[in-house]
Amino acid sequence: MTIVTKDITLQTEGNCDITDITALIEEEIASSGVSDGTIAIFICGSTAAVTTIEFEPGLIHDLKETWNRLVPQNILYQHDQAWGDGNGHAHVRAALLGPSLVIPFVSRKLTLGTWQQIVCVDFDNRHRSRKIVLQIMGE
Amino acid sequence: MTIVTKDITLQTEGNCDITDITALIEEEIASSGVSDGTIAIFICGSTAAVTTIEFEPGLIHDLKETWNRLVPQNILYQHDQAWGDGNGHAHVRAALLGPSLVIPFVSRKLTLGTWQQIVCVDFDNRHRSRKIVLQIMGE
Amino acid sequence: MTIVTKDITLQTEGNCDITDITALIEEEIASSGVSDGTIAIFICGSTAAVTTIEFEPGLIHDLKETWNRLVPQNILYQHDQAWGDGNGHAHVRAALLGPSLVIPFVSRKLTLGTWQQIVCVDFDNRHRSRKIVLQIMGE
């Protein structure tokens, strides 16, 4: 059993910018030397999150619209009143969606469905450089 | 430390069909030969998700009603405009609820609360055959 | 590779009481003797959940308001009709937010962002004693 920890860095646009990170993660598994195991995917930061979705333009739009409807930017947040960052909505959305995912892989291949991609969703109100920690454990 | 990967297959009805998979997961842990460790539960596919809930008819109804209210089926999704699948709401709900869970077990027993069951929620708009990957790691 | 399982117990107030558990988790990692690995954080029970957020009073208020808006306490839940517990909203919120988190650590340090704390959110309608299971795996 071995453990490999890697970081990947993304440049994101913010405002619910959704980035497909599946290929980056597949590369890290391929180069890890681990055949069967689990990858933990964790986003550092409190205004972005990770999940899986079918990465196609319609759903990217639909997911953004859903967040605009459920946790709008233009209502009052005490975070914004106190700190003036204007990203209270981004913090709340990220807490709801969650910072971590765990995905098994077998024979160096992620066990994703055919139309299932791993995405980072950046909710912040400006462009950001994002660090995602990948930890591969297996044999 | 050993690692065991298993698949389970469910026949689901779709339309927020909620299946209690706790007993299936307990069986896999019992037969794995691993006493203490973590099980990663991952659903393959982008229109279903996993979580825990008290599995009783009232809450099954309440969870469905919540999704109908928060991410309704009958609003416009660009996914449906583009692909005609009619399951845009299912993709968005699954992305919000998430595809993975991690649960520790000790002496072959899951560390669940008394009224806490592991469920697969199938949001698709039709019946499906669902694969869930279980990866047990421990000693 | 070693595995260490610990429980922590919290006294919570319920009603969306949010507790910062970062320091407790850092202590368990420090005393585990494991340098690099993953910690699985799992809440036992179906009316509380775990996530990460910037733990400051504004956002604590904003997260509570969001739950009050999205999954209100004062609408009809069949769970409450059947069992009279009055905590149907708490079960639904906990299922949506989720019971588990996985966070990598490197050189005994969690890979959290600067403004990112690990929190337990207790949605129940009364004070509770909460058990959180921590499982550390690494070397």
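Which residues does Phe123(A) touch, not counting residues up to four places away in sequence? In this predicted model, Phe123(A) lies in the loop between strand E7 (117-122) and E8 of chain A. The residues touched by Phe123(A), beyond four places in sequence, are Cys16(A), Thr47(A), Ala48(A), Ala90(A), Arg93(A) and Ala94(A). Phe123(A) has 29 other C-beta atoms within 10 Å and is therefore classed as buried, the cut-off being 20 or more.

Helix H4 (residues 88-97) of chain A has 10 of its 10 residues buried, so the helix is largely enclosed by the rest of the structure. After H4(A) comes Gly98(A), which has a positive phi, near 100 degrees.

Chain A as a whole contains 4 helices and 8 strands. Their order along the sequence is β-β-α-β-β-α-α-α-β-β-β-β. The C-alpha trace of chain A extends over about 50 × 30 × 20 Å along its principal axes. Chain A has 139 residues, of which 56% count as buried. Among contacts in chain A with a separation of 6 or more, 83% are between residues 24 or more positions apart. The mean pLDDT of chain A is 97, and 100% of the residues score at least 70. For the complex, the predictor gives an ipTM of 0.97 and a pTM of 0.98.

The strand arrangement was examined in chain C. There, 5 strands make up an open sheet with antiparallel pairing, in the order E1-E8-E3-E5-E6. Strand E1 (2-12) and strand E6 (109-110) of chain C are at the edges with a single partner strand each, so one side of each has no neighbour in the sheet. Within this sheet, strand E3 (residues 37-43) and strand E8 (residues 128-138) of chain C are joined in the antiparallel sense over 7 bridges. Ile39(C) is placed opposite Ile136(C) in E8(C).

The largest nonpolar core comprises 127 residues. Within this core, Ile41(A), Ile41(B) and Ile41(C) have the most contacts. When neighbours within four places in sequence are left aside, the contacts of Ile41(A) are Ile25(A), Val50(A), Ser100(A), Leu101(A), Ile118(A), Ile132(A) and Leu134(A).

The relation between the chains was then considered. Chain A can be laid on chain B by a turn of 120 degrees and a shift of 0.0 Å along the axis, with an RMSD of 0.0 Å. This is the relation of a three-fold axis. The copies use different surfaces, as 17% of the contact residues of chain A recur in chain B. Chain B is superposed on chain C by a rotation of 120 degrees with 0.0 Å of shift along its axis, again with an RMSD of 0.0 Å. Here too the copies use different surfaces, and 17% of the contact residues of chain B recur in chain C.

At the interface of chains A and B, 30 residues of chain A are in contact with 28 residues of chain B. On the side of chain A that touches chain B, at least two residues each come from strand E3 (37-43), strand E4 (48-53), helix H2 (57-70), strand E5 (100-106) and strand E8 (128-138) of chain A. H2(A) supplies the largest share, 7 residues. This side of chain A is made up of 14 nonpolar, 12 polar and 4 charged residues.

At the interface of chains B and C, 30 residues of chain B are in contact with 28 residues of chain C. The elements of chain B that give two or more residues to this side are strand E3 (37-43), strand E4 (48-53), helix H2 (57-70), strand E5 (100-106) and strand E8 (128-138). H2(B) gives the most, with 7 residues. By class, the side of chain B that touches chain C has 14 nonpolar, 12 polar and 4 charged residues.

Methods. Residues numbered from 1 in each chain as written. Chains lettered and ligands numbered in written order. Predicted model: local features only at pLDDT ≥ 70, side-chain atom pairs only at ≥ 80, totals over all residues. Contact = placed C-beta atoms within 7 Å. Nonpolar A, V, L, I, M, F, W, Y, C, P; charged D, E, K, R; others polar. Core = buried A, V, L, I, M, F, W, Y, C linked by C-beta atoms within 7 Å. Buried ≥ 20, exposed ≤ 12 C-beta atoms within 10 Å, placed from the backbone. Least-squares fit on C-alpha atoms with pLDDT ≥ 70 in both. pLDDT = per-residue confidence, 0-100. Pairing = 2+ DSSP bridges.
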